[in-house]
Amino acid sequence: TTRELAASGLGELIKITQTKYLAGPFLIKLTGPLLRIVGDRNPPAVKIAIVQTLGLILTKGGPALRAFVPQFQTTFVKALSDPSRQVRIEAIKALALLMPLSTRVDPLIKELVSTSLGKSSSVTADTAGLVAIQTATLEALAVVLKHGGSKVKLAESVPSSLDAGKELVLHEDDGIRESAAKVVGYACELLGVDEANSAMEELVVDQASNLSSCSVEVKHGIACIFRRVL
């Protein structure tokens, strides 16, 4: 479509243009319109192209785009519920690019934790199913902890992420278990060795004592924890 080609074309131009020629005002003029139309009822290919281009703008623009961080964040978080899996993947990548500019990580973590636990009201006819949204949100939470966890200011932010990961690492869905284990891993990395040992004791040692009678889902969850925490 015309919109897809236009967004992709902008992305290509930004990609091949040296940063020194992309002055702040120029990128700012591009950013506003893209942020406004990405939420329209566009087909997945258009949304993917727009989100990818926004990611390139973040990469090239850096601090000049700090004023747009709330709009970027809202846009990318909303895209985590998109019916298209590729749109959700691009939104996760874009959140990682946003973290160097973000200064208020705690509200974002709180929102992602709530949605990952299925407590959000964002699941509608226009969104992906609950499992897909939970998986994407856990992946996003892992990315935020990895790239922005050092900016956390509230004492409960990282522990609440760890609790969400621990709750979901034994979920019946494979994807949720794998994504939850990533959250546990990055949260433990931020909280230190003692918390990591405690998580391993709770999630692995206690379960392993009765491993032969554990379900396949539990065994897989334990394996995921081993991979991400050790």
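Predicted model: local features only at pLDDT ≥ 70, side-chain atom pairs only at ≥ 80, totals over all residues.
Q: How are H1 and H3 oriented relative to each other, roughly parallel or roughly perpendicular?
A: Start with the geometry: the axes of H1 (residues 2–16) and H3 (residues 44–61) come within 8 Å and cross at roughly 20°. Angles under 35 degrees count as roughly parallel. So the word for H1 and H3 is roughly parallel.

Q: Which handedness does the crossing of H1 and H3 have, left or right?
A: Picture the two helices touching, with residues such as Ala7, Leu10 and Ile14 among those that H1 brings, and Ala49, Ile50 and Ile57 among those from H3. As H1 passes H3, the crossing is left-handed.

Q: How many nonpolar residues are there in the contact of H1 with H3?
A: H1 also brings residues including Arg3, Glu4 and Lys15 to the meeting, while H3 brings Lys60 and Thr53, among others. Sort the contact by class and you get 4 charged, 3 polar and, for nonpolar, 9.

Q: What is the angle at which H7 and H9 pack?
A: Two packed helices are described by the angle between their axes and the distance between the axes. For H7 (residues 130–148) and H9 (residues 174–191), the axes are 9 Å apart and the angle is about 20°. That makes H7 roughly parallel to H9, thanks to that angle of about 20°.

Q: Which class has 11 residues in the contact of H7 with H9?
A: The crossing of H7 and H9 is left-handed. Among the residues making this contact are Leu138, Leu141 and Leu145 of H7, along with Ile176, Val183 and Leu190 of H9. Counting by class gives 3 charged and 4 polar, and the class with 11 is nonpolar.

Q: Is leucine 54 buried or exposed?
A: Leucine 54 is found in helix H3. Buried means under 20% relative accessible area. Leucine 54 has 0%, so it counts as buried.

Q: How many residues does the largest nonpolar core have?
A: In soluble globular proteins, nonpolar side chains tend to be buried together. Here, Leu54, Phe72 and Phe76 are among the residues with the most contacts inside the largest nonpolar core. Leaving aside neighbours within four places in sequence, Leu54 is itself in contact with Phe72 and Phe76, as well as Thr31, Leu34 and Leu35. The size of that core, in residues, is 69.

Q: What separates the C-alpha atoms of valine 87 and valine 46?
A: Valine 87 is found in helix H5 (residues 85–98), and at 1% relative accessibility it counts as buried. Not counting residues up to four places away in sequence, valine 87 touches Pro44, Lys47, Ile48, Ala79 and Asp82. Valine 46 is 41 residues away along the chain, but the C-alpha separation is 9.4 Å.

Q: Where is serine 102 placed?
A: At 1% relative accessibility, serine 102 counts as buried. Beyond its neighbours within four places in sequence, serine 102 is in contact with Val69, Gln73 and Lys151. As for its place, look in the loop between H5 and H6.

Q: Is threonine 74 buried or exposed?
A: Threonine 74 is found in helix H4 (residues 69–79), with its C-alpha 9.3 Å from that of leucine 108. Exposed means over 50% relative accessible area. With 55%, threonine 74 is therefore exposed.

Definitions and conventions
Residues numbered from 1 in each chain as written. Heavy atoms only, no water. Axes fitted to C-alpha atoms, helices over the stretch in contact; angles between N-to-C directions. Helix = DSSP H or I, 4+ residues; strand = E, 2+ residues; numbered from the N terminus. Parallel < 35°, antiparallel > 145°, perpendicular 65-115°, else oblique. Left-handed = near helix turned anticlockwise from the far one by under 90°. Contact = heavy atoms within 4.5 Å. Nonpolar A, V, L, I, M, F, W, Y, C, P; charged D, E, K, R; others polar. Core = buried A, V, L, I, M, F, W, Y, C linked by side-chain atoms within 4.5 Å. Buried < 20%, exposed > 50% of the residue type's maximum accessible area, 1.4 Å probe, protein only.
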